[in-house]
Amino acid sequence: MNPVKPGKTPRKPWIVGVSGASGTPYAASVLRALLDAGESVDLVVSRASRLTLLDETGISFRDAHWQQDLREWLARGADGKPDTFGVDLTGDRVRYWSAGDLAAGPSSGSYPVKGMLIVPASTACVAGVALGLSKDLLQRSASVTLKERRKLVVAVRETPLDGRTLRHLVTLDDAGATVVPASPAFYAGATHIQGLVDFVAGRVLDAADVGHDLYRRWRGDLGGARATG
C-alpha cells in the first residue's frame with residue numbers, strides 16, 4: 001500500500017546527526033534553519049552528545065520526552081538564554097530515532113532522504129564513519145548516505161587535529177563527503193556569539209544546498225561588515 005495520499009509530496013527529510021563533540025549550539029542553529037526553510041528532519045542524537053548537551057545547556061535529552069527537550073534546546077540562544085527563538089515542531093516535520101535503534105528508517109538505503117548533516121562531528125564519529133564501523137544509528141546512517149551517493153556534510157569540531165583524524169577526513173572526502181570545519185569567520189560582521197555560531201551553521205547548509213539567511217555573505221566590499229554591523 002502506498003502511504004502517500006494522492007496529490008501529496010512524499011516526505012524526504014534531511015538526517016541530522018549530533019555527535020558528542022562540543023558545539024551543540026551549531027546543531028541547534030542548523031536544525032532551526034532547516035525547519036525555517038520548510039525542510040523535514042530525521043534527528044539522531046548520540047549517547048555521548050547527550051552528555052555534551054547536558055553540560056553545555058543543562059538540558060537532559062530523553063527518548064520518552066524528546067519533543068519537549070528538543071523544543072527547549074532549539075529555543076535556547078547560543079549564549080544560553082532560554083526562549084530566545086520560536087520553535088514549531090507540529091506535524092511530522094521532525095522524526096526522532098534513538099541512536100541504538102539499528103532497525104530505524106535511516107539505517108536502510110531504501111528509506112528516502114535528501115542527505116545527512118553531522119553537526120558537530122567528533123573525531124570518534126569521524127573515525128567510525130571513515131572506517132565503516134556502523135556502531136550506532138548515527139554511523140550507520142552516514143555509511144548508508146555514502147553508499148547511496150547522497151550528500152554527507154561533516155562539521156568536524158576538534159583542535160588540534162592529529163594525523164589519524166586528518167587521514168580519516170581525507171577518506172571521507174575521497175568517499176564523497178564534504179568536510180566543514182567548525183571555524184567561524186569574522187568578515188560577516190558578527191557582534192554576538194550567536195552570529196559566530198550561525199556562520200558555521202550557514203556554511204554547513206551551503207554545503208547541502210539549503211537556502212538560509214544565517215549570515216551576511218561576502219560581496220567584495222572591504223569594510224562592508226563594519227559598515228552594516
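In this predicted model, strand 5 (residues 151–156) and strand 6 run alongside each other in the parallel sense, joined over two bridges. Within this pairing, Val153 sits opposite Thr178 in strand 6. Zooming out, these strands belong to an open sheet of six strands, laid out in the order 3-2-1-4-5-6 with parallel pairing. As a reminder, strands of a sheet pair through backbone hydrogen bonds, either parallel or antiparallel.

Helix 4 lies across strand 4 (115–121) and strand 5, and its direction is at about 145° to strand 4. Helix 5 packs on the sheet too, touching strand 1 (14–18), strand 2 (41–45), strand 3, strand 4 and strand 5. Relative to strand 4, helix 5 points at about 135°.

What about the two helices themselves? A packed pair is described by the angle between the axes and the distance between them. The axes of helix 4 (residues 123–131) and helix 5 (residues 137–147) come within 9 Å and cross at roughly 45°, which makes helix 4 oblique to helix 5. The crossing is right-handed. On the helix 4 side, the contact is made by Ala124, Cys125, Gly128 and Val129, while helix 5 brings in Leu138, Gln139, Ala142 and Leu146. Sorted by class, this contact of helix 4 with helix 5 has six nonpolar residues, two polar ones and no charged ones.

Methods: Residues numbered from 1 in each chain as written. Predicted model: local features only at pLDDT ≥ 70, side-chain atom pairs only at ≥ 80, totals over all residues. Heavy atoms only, no water. Axes fitted to C-alpha atoms, helices over the stretch in contact; angles between N-to-C directions. Helix = DSSP H or I, 4+ residues; strand = E, 2+ residues; numbered from the N terminus. Parallel < 35°, antiparallel > 145°, perpendicular 65-115°, else oblique. Left-handed = near helix turned anticlockwise from the far one by under 90°. Contact = heavy atoms within 4.5 Å. Nonpolar A, V, L, I, M, F, W, Y, C, P; charged D, E, K, R; others polar. Pairing = 2+ DSSP bridges.
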